[in-house]
Amino acid sequence: MTDSLRLQFGMAELNFEQRNYRQAVAILEGIIEEAPGNAEVRTLLARSYFHAAMLRSAEEQARLLIERSPVDAYAHIILGRALQRQSRHDEARVYLRVAAALTGNDDLLP
């Protein structure tokens with residue numbers, strides 16, 4: 001990632017921490033166009049979408065993360081929670097069970 005993208009990512013992280021999720025999304029969408037394979041950027045984008053209640057977009061990003069790394073427990077959690085908030089509980093259960101198995105955290109089980 002270039003210095004410019006790192007600076008932008010830092011701004012996105014700051015916006016996320018300040019709960020300016022839609023501003024973080026705006027920044028991260030630009031970064032992901034330049035660095036589509038960057039899992040750290042895509043994870044923060046998925047989280048930002050989730051917290052901004054842009055659940056379909058959060059779902060899409062989490063699915064991309066899982067496609068690239070099936071053992072990404074956090075992506076499974078994001079996807080499971082996004083599906084839950086869309087009242088798609090049966091689908092969510094699958095991803096949350098995988099996350100629980102990957103992390104050993106039974107608190108994730110629905």
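## The nonpolar cores

A nonpolar core is a set of buried Ala, Val, Leu, Ile, Met, Phe, Trp, Tyr and Cys residues joined through side-chain atoms within 4.5 Å. Buried here means under 20% relative accessible area, with exposed over 50% and partly exposed in between (1.4 Å probe, protein chains only). The structure above is a predicted model, in which local features need pLDDT of at least 70 and side-chain atom pairs count only at pLDDT 80 or more, while totals for chains, interfaces and linings use all residues. Residues are numbered from 1 along each chain as its sequence is written, and side-chain values use heavy atoms, leaving out hydrogens and water.

Let us begin with the largest nonpolar core, which has 21 residues; Phe9, Leu28, Ile31, Val41, Leu44 and Leu45 touch the most other members. Two or more residues come from each of α1 (3-17), α2, α3 and α4 (55-68), and α2 gives the most, with 7 residues. Helices are DSSP runs (H or I, at least four residues), as are strands (E, at least two), numbered from the N terminus. Apart from this core lies another, of 10 residues, among them Ala62, Ala75, Ile78 and Ala92.

Phe9 has contacts (heavy atoms within 4.5 Å) with Leu28, Ile31, Glu40, Val41 and Leu44, not counting residues up to four places away in sequence.

In α2, the buried residues are Tyr21, Ala24, Val25, Ile27, Leu28, Ile31 and Ile32, and their cover includes α1 and α3. The 14 residues of α2 reach 20 Å from first C-alpha to last, close to the 20 Å expected at 1.5 Å a residue. That expected span is 1.5 Å times one less than the number of residues in the helix.

The buried residues of α4 are Leu55, Ala58, Glu59, Gln61, Ala62, Leu65 and Ile66. What covers them includes α3, α5 (73-85) and α6 (89-103). Helix α4 has 14 residues that should span 20 Å, and its end C-alpha atoms are 20 Å apart, which agrees.

Ser48 lies in helix α3 and counts as buried at 0% relative accessibility. Leaving out residues up to four places away in sequence, Ser48 touches Phe16, Tyr21, Ala24, Val25 and Leu28.

Tyr49 is also placed in helix α3, and is buried with a relative accessible area of 5%. With the same exclusion of residues up to four places away in sequence, Tyr49 touches Val25, Glu29, Met54, Leu55, Ser57, Ala58 and Gln61.

## Aromatic rings

A search of the whole structure finds 1 aromatic pair. The rings of Phe16 and Tyr21 have centres 5.2 Å apart and planes at 65 degrees, so this pair is edge-to-face. Rings of Phe, Tyr and Trp (its six-membered ring) pair if their centres lie within 6.5 Å; planes under 30 degrees apart count as stacked, over 60 as edge-to-face and the rest as tilted. Both Phe16 and Tyr21 are buried.

Elsewhere, Arg85 lies over the face of Phe50, at 4.7 Å from the ring centre. The criterion for a charge over a ring is NZ of Lys or CZ of Arg within 6 Å of the ring centre and within 35 degrees of the ring normal.

Asn38 lies in the loop between α2 (21-34) and α3 (39-51), and is buried with a relative accessible area of 19%. A polar atom of the Asn38 side chain lies 3.0 Å from the backbone nitrogen of Val41. Asn38 also touches Met1 and Ile32, not counting residues up to four places away in sequence.

Technical notes
A polar contact is a pair of N or O atoms within 3.5 Å; within protein, one must be able to donate a hydrogen and the other to accept it, and residues adjacent in sequence count only if both atoms are side-chain atoms.
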